[in-house]
Amino acid sequence: MPKFSANLSFLYQELPFLDRFAAAEKDGFCALEYLGPYAEPKEKVADALKASGLKQALFNVPSGDWAGGERGIACLPDRIDEFRHGVTLALDYAKALDCPQVNVISGLAPKGADPQVLEKVLVDNLKYAAARAADAGVKLLIEPINLRDIPGFFLSTTEHAERILDKVGSENLYIQYDFYHMQIMQGDLIPTFTRLRDRIAHVQIADNPGRNEPGSGEINYRFIFSELDRLGYDGWVGCEYKPKAGTSEGLGWMKPYLE
Ligand SMILES: O=C(O)[C@H](O)C(=O)CO
Ligand SMILES: [Mg+2]
């Protein structure tokens, strides 16, 4: 049976951030994830998590000025110190929230930048971060993201993610496989997941087109969930979609999987 994690940066937008925890528990989720907890003190987030009884599945390492259009800073040559301070902050929150994994958002490739330079910065930053995270008992992840939603994103295919993992050479670096992004970029979802099974630590779901509830589009999630079970995937399934008309109202797709 898949274990579903509610992505609170997408679900329950109708509620204040810390009130989303209890709402997710009430609807049957087992865990939580979100882009970042950093706007709240870690003690306050830990209290809300404890009160909900849910597990913290994941969040992102600080990713620059998100509201201002940045999408991560890990590949940017002039932001190395900031990235590494962000790793320290993320691991501090991970400890307070007992969170087993954090995700690095790679960043937009600046116009005219040499991709080889960006790749070297990303690889060096990930070597640093994977070692720090290993010391803290936390897995480090990277996520390919589709270029239609985020034009210019530096890491957009599983092949590129594999190359980065090979170059970093750490046993503590994994792929976050987002079925929605990979349907847009590559398709061939289950054969790709199967091939990369040992390198994937977290998956996320949404349907295409629209990035709405599973079952609203072209991806066969019933088949995907049964394949995840068959392949022995025991990580979380992050629900990172835009509810079409209210989060709780749109959870009919999840009911058959609740025990
Ligand atoms: O958008 C996504 O798919 C990510 O998982 C994320 O965390 C921010 O881009
Ligand atoms: Mg995602």
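Which residue in β8 is the bridge partner of F4? In this predicted model, for which local features need pLDDT of at least 70 and side-chain atom pairs count only at pLDDT 80 or more, while totals for chains, interfaces and linings use all residues, the bridge partner of F4 in β8 is V237. Residues are numbered from 1 along each chain as its sequence is written, and chains are lettered from A and ligands numbered from 1 in the order in which they are written.

Strand β1 (residues 3-7) runs parallel to β8 and is joined to it by four bridges; strands pair if DSSP finds at least two bridges between them. Helices (H or I, at least four residues) and strands (E, at least two) are DSSP runs, numbered from the N terminus. Strand β7 (residues 200-205) is also parallel to β8, with three bridges, and Q204 has G238 as its bridge partner in β8. From β7 the chain passes through helix α8 (residues 221-230) to β8 in a right-handed β-α-β crossover, that is, with the strands pointing away from the viewer, the path from the first strand over the helix to the second runs clockwise.

Strand β8 (residues 236-239) is covered on both faces, with W236 and G238 buried on one side and V237 and C239 buried on the other. A residue is buried if 20 or more other C-beta atoms, placed from the backbone, lie within 10 Å of its own, exposed if 12 or fewer, and partly exposed in between. In a regular strand the side chains alternate between the two faces of the sheet.

I205 is among the residues with the most contacts inside the largest nonpolar core, which has 73 residues. Such a core is a set of buried Ala, Val, Leu, Ile, Met, Phe, Trp, Tyr and Cys residues joined through C-beta atoms within 7 Å. Not counting residues up to four places away in sequence, I205 touches residues including V237, G238 and C239; contact requires C-beta atoms, placed from the backbone, within 7 Å.

Ligand 1 is surrounded by L35, N60, I105, E143, I145, D178, H181, Q204 and E240, each with its C-beta atom, placed from the backbone, within 6 Å of the ligand.

Most residues other than glycine have a negative phi, and most peptide bonds are trans. A cis peptide bond, with omega about 0°, joins N208 and P209, and P209 is found in the loop between β7 and α8. Y12, in the loop between β1 and α1 (20-26), has a positive phi of about 55°. Y12 counts as buried because it has 22 C-beta neighbours inside 10 Å.

Methods: Contact = placed C-beta atoms within 7 Å.
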